[in-house]
Amino acid sequence: MAKKVEIFTDGACRGNPGPGGWAAILRYNGHEKIIYGAQEYTTNNRMELTAVIEALSSLKQTCNVEVTTDSQYVCHGISKWIEAWRKKSWRTSSNKPVKNADLWQVLDKEAKRHQVNWHWVRGHAGHPENELADEYANKAIDEFQREGN
């Protein structure tokens, strides 16, 4: 039987584009792990995607995963739009290249390794895990900038 894992993610950006951070909280069997990181020049959407990718890729075996994010872009992209993008060779319905296709392709691959249910929550609305993920995404930017990157 596959392990049941809860994942809560968030991405942040100071300027869009600008320095960005991502964070994920992973919970399994009463244990909690927080992972986070930053990039010098990126967008909020790229950080939202990176948070989920990093969380899913950190799982060593196939799991039943509940992913909670405040990004409608991530939720809609992975559950509504990705099939059409894949069929159209990563082009939109208006035949333009899909933005962030590099990350969508990685997320697609990682999500297929697991049984994933996607959940959206309103950001900055008091959801405890979303607030914590936001705190760590911003901490990632602070640490990155403090280290002179």
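Helices here are DSSP runs of at least four residues, numbered from the N terminus, and one of them, helix H3 (residues 101-112), holds Asp-108. Welcome to this structure, which is a predicted model.

**Helix H3 and Asp-108**

- H3 has 12 residues and reaches 16 Å from its first C-alpha to its last, close to the 16 Å expected at 1.5 Å a residue.
- The buried residues in H3 are Ala-101, Leu-103, Trp-104, Leu-107, Asp-108, Glu-110 and Ala-111.
- Helix H1 (44-57), H2 and strand E5 (115-120) are included in what covers these buried residues of H3.
- Asp-108 counts as buried because its relative accessibility is 9%, and buried means under 20%.
- If neighbours within four places in sequence are left aside, Asp-108 is in contact with Ile-78, Ile-82, Arg-86 and Trp-90.

**Helix H4 and Asn-130**

- Helix H4 (residues 128-146) has 19 residues, and from its first C-alpha to its last it reaches 27 Å, close to the 27 Å expected at 1.5 Å a residue.
- Glu-129, Asn-130, Ala-133, Asp-134, Tyr-136, Ala-137, Ala-140, Ile-141 and Phe-144 are buried in H4.
- These residues are on the same side of H4 because they cover an arc of only 165° around the axis.
- Pro-128, Glu-135 and Arg-146 are exposed on the other side of H4.
- The packing partners of the buried residues of H4 are E1, E2 and E3.
- Asn-130 sits in helix H4 and, with 3% relative accessibility, counts as buried.
- Not counting residues up to four places away in sequence, Asn-130 touches Thr-9, Asp-10, Asp-70, Val-121, Arg-122, Gly-123 and His-124.
- Just after H4 comes Gly-148, with a positive phi of about 80°.

**Val-74 in helix H2**

- Val-74 has its place in helix H2 (residues 72-87), and its relative accessibility of 0% makes it count as buried.
- Val-74 and Glu-48 are 26 residues apart along the chain, and their C-alpha atoms are separated by 7.1 Å.
- Residues up to four places away in sequence aside, Val-74 touches Glu-48, Leu-49, Val-52, Thr-69, Trp-104 and Trp-118.

**The largest pocket**

- By type, the lining of the largest pocket divides into five nonpolar, three polar and five charged residues.

**Backbone details to look for**

- Most residues other than glycine have a negative phi, and most peptide bonds are trans.
- The peptide bond from Asn-16 to Pro-17 is cis, with omega near 15°, and Pro-17 is found in the loop between E1 and E2.
- Ser-89 is not a glycine, yet has a positive phi of about 55°; its place is in the loop between H2 and H3.
- Trp-90, also found in the loop between H2 and H3, has a positive phi of about 65° although it is not a glycine.
- Ser-89 is exposed, with a relative accessible area of 58%, whereas Trp-90 is buried, with a relative accessible area of 15%.

Notes. Residues are numbered from 1 along each chain as its sequence is written. This is a predicted model: local features need pLDDT of at least 70, side-chain atom pairs count only at pLDDT 80 or more; totals for chains, interfaces and linings use all residues. Side-chain values use heavy atoms; hydrogens and water are left out. Ala, Val, Leu, Ile, Met, Phe, Trp, Tyr, Cys and Pro count as nonpolar, Asp, Glu, Lys and Arg as charged, and the others, Gly among them, as polar. Helices (H or I, at least four residues) and strands (E, at least two) are DSSP runs, numbered from the N terminus. The expected span of a helix is 1.5 Å times one less than its number of residues. Buried means under 20% relative accessible area, exposed over 50%, partly exposed in between (1.4 Å probe, protein chains only). The arc is that of the directions from the helix axis to the C-beta atoms. Contact means heavy atoms within 4.5 Å.
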